[in-house]
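Subject: Structure handover, with notes on the ligand site

Dear colleague,

Please read the notes below with the model in view.

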Amino acid sequence: MTLFVSLTSPFARKARVVLKERGLEERVKQEITNPWQSEARLLAVNPLSQIPALVLEDGSALIDSPVICAYLDELAGPPVLHPQTAPAKWIDRRRTALADGMIDAAILVVMESRRPEDKRHAPWSEAQTAKLARGLDALEAEAESLNSTLTMGTLSIVVALDYLAFRLPGLNWRAGRPKLAAWYDVVSQRPSLIATRPVEG
Ligand SMILES: N[C@@H](CCC(=O)N[C@@H](CS)C(=O)NCC(=O)O)C(=O)O
């Protein structure tokens, strides 16, 4: 199996963490690609030219990080990163969706900032930044109910926070969010998260 990734993509990082957590690194080869360049080998697998994308043993492909992470978690045996019973299951899925939505908003802000100055539309970036602030405030409000058990929800939140620190340091997500920061400082010490921190390269 082959997982298309980059070392900076937060969505690909979610799948890379699952590989580590579930002991699948021998079984799934990682292939580094730049999704923004729409290389033919990635397009052959994902017409959207997005990572992560996973090529299975039969040559078929899975796309979208929630789909890929669920597949990998099941592949390794009974899922451990996806709570199976309500209400924990739905609470966790909501957290994954919130974190993923925050990553989407952050990517939009980053892409907008890379456009020539005269082509930027400030209200667009401000609207995305407001989503990020509201998302962070929602996480601060529920920080006491976040535990340090790694699930897709908690993993995705750490990935989102690290992406904010990596690409939008001026946002300073920690400011005014002491409970979320304290939670992050504990859970982010997990070896799978340390080993996959985004690096420019
Ligand atoms: N919903 C997708 C989003 C994937 C995504 O946006 N990946 C980014 C990298 S972090 C990408 O490949 N972007 C290239 C593009 O959209 O052209 C997922 O969860 O996997």
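The notes that follow take up the ligand, the pocket, the cavity and a few points in the backbone.

Please keep in mind that this is a predicted model, in which local features need pLDDT of at least 70 and side-chain atom pairs count only at pLDDT 80 or more, while totals for chains, interfaces and linings use all residues. Residues are numbered from 1 along each chain as its sequence is written, and side-chain values use heavy atoms, with hydrogens and water left out.

The ligand

Around the ligand there are 13 residues, and those that come nearest are Ser9, Gln50, Ile51, Asp64 and Ser65 (a residue is near a molecule if one of its heavy atoms lies within 4 Å of it). A polar backbone atom of Ile51 is 2.9 Å from a nitrogen atom of the ligand, and an N or O atom in the side chain of Asp64 is 2.7 Å from a nitrogen atom of the ligand. In the side chain of Ser65, an N or O atom is 2.6 Å from an oxygen atom of the ligand. Of the 510 Å² of accessible area that the ligand has on its own, the protein covers 83% (areas come from the Shrake-Rupley method with a 1.4 Å probe). By class, the shell around the ligand has 8 nonpolar, 4 polar and 1 charged residues, where Ala, Val, Leu, Ile, Met, Phe, Trp, Tyr, Cys and Pro count as nonpolar, Asp, Glu, Lys and Arg as charged, and the others, Gly among them, as polar.

The pocket

Where does the ligand sit? The ligand is placed in the largest pocket, which means that more than half of its atoms lie within 2 Å of the grid points of that pocket. On a 1 Å grid over the protein atoms alone, a pocket is an open set of points with protein on both sides within 12 Å along at least five of seven lines, whereas a cavity is a set where a 1.4 Å probe fits but cannot get out, and lining residues have an atom within 4 Å of a point. The largest pocket holds about 790 Å³ of space, a volume being the space filled by probe spheres set on the points. Its lining has 33 residues, of which Ser9, Pro35, Trp36, Ile51 and Ile107 are the closest to its centre. Helix H4 (88-113) gives the most to this lining, with 5 residues (helices, of at least four residues, and strands, of at least two, are DSSP runs numbered from the N terminus).

The cavity

The count comes to 1 cavity of 30 Å³ or more, and about 40 Å³ of space lies in the largest cavity. Among the residues that line the largest cavity are Ser9, Arg13, Val159 and Tyr163, and H1 gives the most to this lining, with 3 residues.

The backbone

The peptide bond from Ile51 to Pro52 is cis, with omega near 5 degrees, and Pro52 lies in the loop between helix H2 (40-43) and strand E3 (53-55). Another cis peptide bond joins Ala86 and Pro87, with omega about 0 degrees, and Pro87 is found in the loop between H3 and H4. Ser38 is not a glycine, although its phi is positive, at about 45 degrees.

With kind regards

Note on methods
A polar contact is a pair of N or O atoms within 3.5 Å; within protein, one must be able to donate a hydrogen and the other to accept it, and residues adjacent in sequence count only if both atoms are side-chain atoms.
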